[in-house]
Amino acid sequence: MANTITIEGEVRNEFGKGVARRMRVAKQIPATIYAGGNDPVFVKLPMRETTLALRRTNALFTIKYGKDSKMAVVKDVQRNPVKRIVEHIDFYEVKAGEKIEVDVPVFAVGTPKGAAVAFVDIQQLRVRASVDQLPERIDVNVDGLQDGEKVFAKDLNLPEGVEFVNISSEESVVTVEVPEDATATTAVSAEDAAAGESTEGAAAEGDAAAPAADAAAADADKK
């Protein structure tokens, strides 16, 4: 089984905005653990430790409260729209070996050829996996790919036991192409170079004509 993040919390019996505000002042986060058809469990968790743990996508938690504990995954996180601090967390209880569906962020890794850039067509992919094998991210290797090449869902190698949900194998996940502004910049550079050559040629012709003009003027003075 993958390592779980263990959080030591406490049962909470008070509710309301005022109570939640006091908890946040005390560096605690109100949270709810939902358990299928059973009654939810209301807890308060340490703010710093829990906030750091939330940086891991699809993390598996063991939440301890008193003599009890539950294994859970994050269902929803409510943050202050201005300060961005965590104000409340909803967890969903899971059992060892249980399979669930989660969204996994997609990242392009590597460097395409030339001026080409990798664009992620699907920011998140829905997968189904055991709770002890939930992937945190899906990396798509674009190293050496050229303008116009694509990476499809069928090209991705998922960990054993992980499968896609509701996506065609022919769905484009990452597209490699040269941005329009890069093409425009290249065209402008070529035009500048051509203009520069023309200017240099005209200057050279002018420089060559100058001595001839000076010689003609000298002959006229002698006459």
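I take contact to mean heavy atoms within 4.5 Å. I worked on a predicted model, in which local features need pLDDT of at least 70, side-chain atom pairs count only at pLDDT 80 or more, and totals for chains, interfaces and linings use all residues. I number residues from 1 along each chain as its sequence is written, and side-chain values use heavy atoms, with hydrogens and water left out.

**Helix H1**

I took helices (H or I, at least four residues) and strands (E, at least two) as DSSP runs, numbered from the N terminus. I classed residues as buried under 20% relative accessible area, exposed over 50%, and partly exposed in between (1.4 Å probe, protein chains only). In H1, residues 17–25, I found Val19, Ala20 and Met23 buried. These residues lie on the same side of H1 because they cover an arc of only 100° around the axis, the arc being that of the directions from the helix axis to the C-beta atoms. I noted the general rule that an α-helix has 3.6 residues a turn, so residues three or four places apart point the same way. On the other side of H1, I listed Lys17, Arg22 and Val25 as exposed. I then looked up what the buried residues of H1 pack against, and found strands S2 (28–35) and S3 (38–46). Just after H1, I recorded a positive phi of about 60° at Lys27.

**Strand pairing**

I counted two strands as paired if DSSP finds at least two bridges between them. S1 (residues 5–11) pairs with S4 (residues 60–65) in the parallel sense, over five bridges; there I found Lys64 of S4 as the bridge partner of Glu8. S1 also pairs with S3, in the antiparallel sense over two bridges, and Glu10 stands opposite Lys44 in S3.

**Aromatic pairs**

I paired rings of Phe, Tyr and Trp (its six-membered ring) with centres within 6.5 Å; planes under 30 degrees apart count as stacked, over 60 as edge-to-face and the rest as tilted. My search of the whole structure gave two aromatic pairs. Phe15 is partly exposed at 46% relative accessible area, and Phe42 is partly exposed at 30%. Phe61 and Phe91 also form an edge-to-face pair, with 5.4 Å centre to centre and 70° between the planes.
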